[in-house]
Amino acid sequence: MEKLGYSCVLASNGEDAVEKAKTSEPALAFFDIMMPKMSGFEAAGNLRSLGYKKPIIAVTATFLPEDEEKCKKSGINDVLTKPIKFSEIKMMLEKWLVPVREPQAFDLMPTGPAESAVSGPEIFNAEEMLSAFLDDEKIVLPLLSRFIERTSSQLENFPGLKATGEWATARRDAHTIKGAAPTMGSAELGKAASALENACINASAEEAETAYPHILETFAKYRKEAEKFIFNKSGSERAVLKSCDGKITMSLACIHTHTVFCDGKDDIETFCSTACEKGLQSLGFSAHAPVFAKTGFRQSLGFSAHAPVFAKTGFHTDWHLADERLGEYLDSVRSAKKRWEGKLPVYLGLEVDFIPGLMGPADKDYREMRLDYIIASVHYVLPPKGEPFTVDGPPEEVEQGIKEGFGGDPMGMVESYLDSEEAMIRAGGFDVLGHPDLVKLHNKKKKKKKKTALAALLAEAGVPSELNTGGLNRDKISECYPSLDFLKRFHSQNIPIVINADAHRAVDLDGHYEEARKTMLEAGYTETVIFEGRTDDKAVWKSEKL
Ligand SMILES: [Zn+2]
Ligand SMILES: [Zn+2]
């Protein structure tokens with residue numbers, strides 16, 4: 001919108017949209033149909049009843065025939081189908097704002113995407129696609145990848161839908177492809193989808209017999225061209241990290257990342273494209289593993305204090321991957337792996353918490369998922385009294401935890417943390433040790449002997465540790481995990497080190513790597529290691545000069 005010269009107000013959900021539209025009275029409102037908290041239909045209805053008279057445009061990925069009635073009822077004037085291109089937004093604004101006209105009743109689709117700008121005989125016209133997005137490759141590349149993925153699965157589903165007579169669903173899919181294809185550079189594919197849509201409208205298996213193979217063939221050609229385009233665009237910038245003075249220092253990777261599946265801010269695709277832009281050698285996803293056992297674990301540990309309360313509330317957090325989304329997470333990373341093949345090695349992992357008696361990387365649940373790697377991390381301490389708490393939580397909570405759980409002695413917390421780490425390393429089942437001294441975040445107390453012992457134990461396990469810049473990236477602390485002192489102990493035991501950003505946003509993917517590199521040199525390291533996948537159920541690491 002800003003590129004088109006308009007200023008806009010953003011709303012994060014349906015309720016917020018009504019609230020903001022009420023106060024800022026925009027000249028036009030775009031409402032996603034599927035907004036959280038309140039749907040676009042409901043929000044539009046509410047806004048109309050509050051007296052808002054300006055145009056309201058619905059934005060949707062799929063427009064069902066029955067939605068037309070809902071639009072009319074709720075006071076929506078027009079519809080844009082996703083993915084949306086700039087020219088469509090522009091047309092919509094021209095249609096409804098210039099010259100200013102009062103919105104009439106529902107006026108659907110004279111600007112329908114199939115009739116719009118993109119033309120030309122090629123199966124994939126990259127130039128037209130780009131120009132529709134004002135040549136903004138950052139926007140186009142992830143959209144194009146998503147379109148390919150979505151279309152591919154829709155086409156795969158078609159035979160099943162046909163067999164069970166689900167023509168309405170099949171029609172909706174064909175309609176979505178028809179709407180989006182011209183935007184994504186293929187009028188041809190749009191036409192093929194239109195033929196398939198007609199077959200669905202007529203519920204004609206006979207028509208589908210020609211339309212379906214035709215669209216498959218068209219899509220295969222399109223996909224080849226489009227993927228070549230993605231490869232060339234994102235591959236060209238893959239290089240190596242340059243330090244501030246432009247001198248090449250080292251190549252990078254990051255296998256400690258959190259997306260919107262747990263407590264991260266960006267989605268998988270954004271992480272992949274950003275990793276490519278930043279020239280990362282590879283990228284791994286490590287959502288906070290779901291906590292399977294939900295209740296009663298304190299009893300099983302033999303702690304009686306507070307156990308009933310804990311058992312009643314159950315053990316749940318808002319920063320771990322939810323059980324019910326696990327499958328979706330695994331599928332999404334595996335699909336990104338395929339999508340980025342040849343451009344960016346993508347790995348599937350989890351950051352598994354070790355909580356004595358409740359969960360740990362050695363649990364067979366995680367092994368059965370066929371992950372590429374597991375990062376083993378301790379976030380919780382379990383005090384002999386009181387509730388378990390996270391050592392990187394808000395300072396007040398940590399303070400309270402120390403007070404209630406360890407009789408006010410911070411050393412108790414540090415010891416308990418390092419004990420858990422020891423137990424975790426002994427139990428095994430992981431490939432990288434995560435942020436070994438996270439506990440220092442709100443407590444600087446040192447336990448030198450314990451750290452030396454941990455280093456020896458880790459060396460015996462033959463597993464690398466990470467040097468984690470996450471605290472620096474989030475401005476929480478002024479050094480990496482582990483500290484220089486701890487790192488030196490690792491070095492004396494020849495423990496390989498993986499540099500990781502613990503990125504919760506794609507932009508942090510290589511955050512503070514230069515500092516990490518310097519810390520490693522200072523600790524005596526000359527090499528770091530980069531993850532290269534699994535063979536014979538063992539992680540493979542490649543050395544990289546610092
Ligand atoms: Zn962590
Ligand atoms: Zn993490």
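Is Asp502 buried or exposed? Asp502 is buried, because 28 other C-beta atoms lie within 10 Å. A residue counts as buried if 20 or more other C-beta atoms lie within 10 Å of its own, as exposed if 12 or fewer do, and as partly exposed in between, with C-beta atoms placed from the backbone.

This is a predicted model, in which local features need pLDDT of at least 70 and side-chain atom pairs count only at pLDDT 80 or more, while totals for chains, interfaces and linings use all residues. Residues are numbered from 1 along each chain as its sequence is written, and chains are lettered from A and ligands numbered from 1 in the order in which they are written.

**Backbone and exposure**

Asp502 sits in the loop between strand 14 (497-500) and helix 20 (513-523). Helices (H or I, at least four residues) and strands (E, at least two) are DSSP runs, numbered from the N terminus. Asp537 belongs to the loop between strand 15 (527-535) and strand 16 (538-545). Asp537 is exposed, with 7 other C-beta atoms within 10 Å.

Another backbone feature is the cis peptide bond from Tyr481 to Pro482, whose omega is near -5 degrees. Pro482 is placed in the loop between helix 18 (470-473) and helix 19 (484-492).

**Nonpolar cores**

A nonpolar core is a set of buried Ala, Val, Leu, Ile, Met, Phe, Trp, Tyr and Cys residues joined through C-beta atoms within 7 Å. The largest one holds 84 residues, and Cys254, Cys272 and Ile374 touch the most other members. Helix 16 (residues 410-427) gives the most to this core, with six residues. Apart from this core lies another of 30 residues, among them Phe147, Met184, Leu189 and Tyr212.

Leaving out residues up to four places away in sequence, Ile374 touches Gly349, Leu350, Val352, Pro361, Tyr366, Gly429, Phe430 and Asp431. Contact here means that two C-beta atoms, placed from the backbone, lie within 7 Å.

Arg426 is also in helix 16. Arg426 is exposed, with 11 other C-beta atoms within 10 Å. From C-alpha to C-alpha, Arg426 and Leu458 are 8.5 Å apart, and they are 32 residues apart in sequence.

Three strands form an open sheet in the order 1-2-3, with parallel pairing; two strands pair if DSSP finds at least two bridges between them. Strand 1 (29-32) and strand 3 (78-81) are at the edges with a single partner strand each, so one side of each has no neighbour in the sheet. From one strand to the next, the twist averages 30 degrees. Strand 2 (residues 56-60) is joined to strand 3 by four bridges, and Ile57 stands opposite Asp78 in strand 3. Helix 2 (residues 40-49) lies across strand 1 and strand 2, at about 145 degrees to strand 1. Axes are lines fitted to C-alpha atoms, for helices over the stretch in contact, and angles run from 0 to 180 degrees between N-to-C directions.

**A helix pair**

Helix 10 (residues 268-277) and helix 13 (residues 326-339) have axes that come within 10 Å and cross at roughly 30 degrees. Ile268, Glu269 and Cys272 of helix 10 make the contact with Ser332, Val333 and Ala336 of helix 13.
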